[in-house]
Amino acid sequence: MADTTPETSGADGIRTFPFPTELAVGGVGMQVGPMGTGHTWHADAPLERVHRIDFHVVLLFTDGPVRHMVDFTEYEANAGDLLWIRPGQVHRFSRECGYRGTVLTMQPGFLPRAIVEATGLYRYDLPPLLHPDAAQLDALRAALDQLRREYEDTATLPLSLHTAVLRHSLTAFLLRLAHLAASSAPGSRQQSDSTFTRFRDAVEQGFATNHSVSAYADALGYSRRTLVRAVRAATGQTPKGFIDRRVVLEAQRLLAHTELPIGRVGVAVGFPDAANFSKFFQLHTGRTPAAFRAELR
């Protein structure tokens, strides 16, 4: 999937590659087809180099094992497993592994917001690697095969109807996938009501400057107790633990994939004092920021 669209590079310096719209059949906001060797999002971006993308990727494997890094965790997928990579996640394909199966990519905004919420498209707290049982795998394969047939059939319907059918078929597949992802979370916790959703979105917007549970509760109009219940029900974590995990992840991304001085990394995630940042990072990872960076270079 070579693409000539230039990648973007945000303030954090991590290379982010956009959805290759011009390669999608009919220019719609999704693609589905076979995995294989030599594919990339961009001509200058070998997949084995660490990068991130601004769209969703779902890989359904027919062979394995395949090792794939997502946000500093190495996952090993085998035949029948799925890997769900969400926008903004730092990841890397393995140079040694042959990827075989079907790959689905989807541009944010292709589905309406109600479907996005129902399918948990931005549930970053859910595991990326999924292991369906035989019945779940059969249903997912059937839904994905149907989606692929609709995607490749550009002659039966006019583009507007073709796109509408694709959205319905994609929704059917994603609802099954979302159920599998939610049931795979620790303790099989399902997504709570909109309280957690609003908190998760607020943290994603504000984690770089706001680490206070009380401040989030006040801004969202909830009591601290209500927020604790909702976050624990959805993730098994406290709100403070959820915030801290997001801060640590961003710090890891910046330490691993940019040349920012450690002090500036701390400032970028809300720690103006370098010593406080180092203490926080070591408390949560067991390593100093300098040691973490050195391990990955």
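Is the crossing of α2 and α3 left-handed or right-handed?

Tutor: Keep in mind that this is a predicted model. The α2/α3 crossing is left-handed. Helix α2 covers residues 134-152 and helix α3 covers residues 159-184; their axes sit 9 Å apart, at an angle of about 165°. Angles over 145 degrees count as roughly antiparallel, so α2 is roughly antiparallel to α3.

Now for who touches whom. On the α2 side, the contact is made by Gln-136, Ala-139, Leu-140, Ala-143, Leu-144, Leu-147, Glu-150 and Tyr-151. On the α3 side you'll find His-162, Val-165, Leu-166, Ser-169, Leu-170, Phe-173, Arg-176, Leu-177 and Leu-180. Sorted by class, that contact has twelve nonpolar, three polar and two charged residues.

Searching the whole structure turns up ten aromatic pairs. Take Phe-72 and Phe-292: the ring centres are 5.8 Å apart with the planes at 70°, so this pair is edge-to-face. It bridges distant parts of the chain, since Phe-72 is in the loop between β6 (66-70) and β7 (73-77) while Phe-292 is in helix α10 (residues 289-295), 220 residues apart. Phe-72 is partly exposed, at 23% relative accessible area, whereas Phe-292 is buried, at 3%.

Phe-271 and Phe-280 have ring centres 4.7 Å apart and planes at 35°, so that pair is tilted. Both of these residues are buried. Ring pairs join Phe-72, Phe-271, Phe-277, Phe-280, Phe-281 and Phe-292 into a cluster.

Technical notes
Residues are numbered from 1 along each chain as its sequence is written. This is a predicted model: local features need pLDDT of at least 70, side-chain atom pairs count only at pLDDT 80 or more; totals for chains, interfaces and linings use all residues. Side-chain values use heavy atoms; hydrogens and water are left out. Axes are lines fitted to C-alpha atoms, for helices over the stretch in contact, and angles run from 0 to 180 degrees between N-to-C directions. Helices (H or I, at least four residues) and strands (E, at least two) are DSSP runs, numbered from the N terminus. Angles under 35 degrees count as roughly parallel, over 145 as roughly antiparallel, 65 to 115 as roughly perpendicular and the rest as oblique. A crossing is left-handed if the near helix is turned anticlockwise from the far one by less than a right angle, and right-handed if clockwise. Contact means heavy atoms within 4.5 Å. Ala, Val, Leu, Ile, Met, Phe, Trp, Tyr, Cys and Pro count as nonpolar, Asp, Glu, Lys and Arg as charged, and the others, Gly among them, as polar. Rings of Phe, Tyr and Trp (its six-membered ring) pair if their centres lie within 6.5 Å; planes under 30 degrees apart count as stacked, over 60 as edge-to-face and the rest as tilted. Buried means under 20% relative accessible area, exposed over 50%, partly exposed in between (1.4 Å probe, protein chains only).
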